[in-house]
Every structure is written in C-alpha cells, then in structure tokens.
Amino acid sequence: MALYLIGDVQGCNSALQRLLDKISFSPSRDTLFLLGDLVNRGPDSAGVLRRLMGYGAAAQCLLGNHDLHLLAVAHGGRKPGRKDTLQDILEAPDRQAMLDWLRWQRMAILEQVAGHEVLMVHAGVLPSWTATQTMALAKEVESVLRSPALGGFLQQMYGNQPDHWDETLTGTDRLRVIVNALTRLRFCTPTGHMDYAVTGGVDAAPPGYLPWFEVPERQTSGVMLAFGHWSTLGWLGRPDVLSLDTGCVWGGALSALQLESVNGQLQQALVQVQCQQAQKPG
C-alpha cells in the first residue's frame, strides 16, 4: 500500500495518466490525495473528474479555487473567465453527476502517516489556526457546499474582505475568510492579514508580508503541511512544508510525493512527469 500527494492537475488528464502509470498506481492498493485545482485551464477537465470519480475512496480530493469557480459558474454565481476551459463539464451529459461529486470533496484533510500528522490544504493556513481548528473551519464550508444553501453561498463567496480571521465573524464573512485562506493564500502578515494580489515567488512578498508558512510561531508549526496552488513557488520539500504545484498547466511538471512508513520513519519520494503547456502564464 502506498500513499501519494499530487499537486494541481488543472484538467491535464493525459499528464495525470502518465504520472499514475509511472507510480504503478492501483486503486485497490494505493491512495491518492489530490491537493485541489482538479479542473480548469487544461484540455480535459471532464476526463480528470470522471477518472477520479471512478477511483472511489482511493482518490481523496481537496477543493481548490478553480474547483469552487466551476461550482460558482455552474450555479450562476460567476461568469466564465476568458481562460476557462470548463465547457466540457458544463455541456456534458453527466454534468450533474460531476458537479454533485465535486460538492462532496474536502476543504482540508488531516492524515496520520507513520506517526506524523500531515495537514493538507489547497493553498494555506492562517498563522493563528491549529490543525484541529483548520479542520473544524473546513467542515463549516463543506457543510454549506453540500446543503441547499449552496447557490446563495456561491453568489456571495467572492471578495477580499474581511482580509483576516476573527473568531467573532459570522455568516458570509466568516465563510469567505475560511475559503480565501484555504484556497487563495500565499502571503500574509504575522497577524494573519492576507494579500491576494501578489502571485510571484517568495521573493515577491509585499512589505510587511511573509509566505504564510514562514510566519513565526504559527500554530501549525508542529504539523507537516502539504499544499498546492503556488506554481511560482514550485516544489518545496522541507521536513515541515511540502509544496506540490509544479506548474503542469503552464508546461512544467505534475508531481506526486510518495509518503510511506519504513521502520517507523516517514520516507518521501518525489515522482514527476513533464507536461505539455496548455496555457501561457499571465
């Protein structure tokens, strides 16, 4: 049995097939954890969703900003973007089955591997959140996504304010901060104020801001954190931080990190396949 973390696929189904072939993936034996942005910008988003749906419990998936965007477009809460490649889902005869499946995917996953806690999110975790709190807040969003309130929530999900967490937040403001942190975060201040404008690498941090995982004394410092979303950061394999968006859709690579217990120790092995460029950055 093997466990693999996989970065942003973004509709690149052929690259995903090649990656799974390379790791000899078997859904009866292995488990995939996909870190969000399953769809959009690549050429075959519908193929990605159908594949993952077919794997059942062997594919554990997070929702990224592009996946939420698909739900918002499908429910009339957002207009399609100029670079979107979602029509193969939106016009498919099995459209509803794919959208319903997507609603039941996760906003955060906490897994025990070889005695280590691994917290998986699409983008980031605010410095004041513990792993337990992150999971509880993720469940608040998941509950709305799976409820009759979905359409109304998607109408109000977008926005940059509030830009920081406050436990007293309620309603749409509360859910928006949770979604923005888990699916959009790159840089924040030590007090957890988020920036959404800068998409460059770690050296592009605005004055007073840090990569979210570099904030001193963040409450998840004792947990291994795995995320995608940040293609300009690329692969980062620290003992406490795993960044796995390696820019497949831009012509980079699609990455899978194998985590396994060997004699009680957590071992890592990175596997990558090169990707054909589907979109130009910018």
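Cys-275 is buried, at 9% relative accessible area. Let's start from that residue and look at the cysteines of this predicted model. Cys-275 is joined by a disulfide to Cys-248, and a search of the whole structure turns up one such link.

**The disulfide**
- The two sulfur atoms of Cys-248 and Cys-275 sit 2.3 Å from each other.
- The link between Cys-248 and Cys-275 is left-handed, with -105 degrees about the S-S bond.
- Cys-248 belongs to the loop between β11 (241-243) and β12 (253-262), while Cys-275 falls in the segment after β13 (265-274), so the bond ties together parts that are 27 residues apart in sequence.

**Cys-12, a cysteine in no disulfide**
- For Cys-12, the nearest cysteine sulfur is that of Cys-248, 3.8 Å away.
- Cys-12 is in no disulfide, since a pair counts as one when the sulfur atoms are within 2.5 Å.
- Cys-12 is buried too, with a relative accessible area of 6%.

**Cys-188 and its sheet**
- Cys-188 has a relative accessible area of 0%, so this residue is buried.
- In strand β7, Met-194 is the bridge partner of Cys-188.
- Strand β6 (residues 187-188) runs antiparallel to β7, and two bridges join them.
- These strands are part of an open, antiparallel sheet of three strands, ordered β7-β6-β8.
- At the edges of that sheet lie β7 (194-195) and β8 (210-211), each pairing on one side only.

Terms used. Residues numbered from 1 in each chain as written. Predicted model: local features only at pLDDT ≥ 70, side-chain atom pairs only at ≥ 80, totals over all residues. Heavy atoms only, no water. Helix = DSSP H or I, 4+ residues; strand = E, 2+ residues; numbered from the N terminus. Buried < 20%, exposed > 50% of the residue type's maximum accessible area, 1.4 Å probe, protein only. Pairing = 2+ DSSP bridges.
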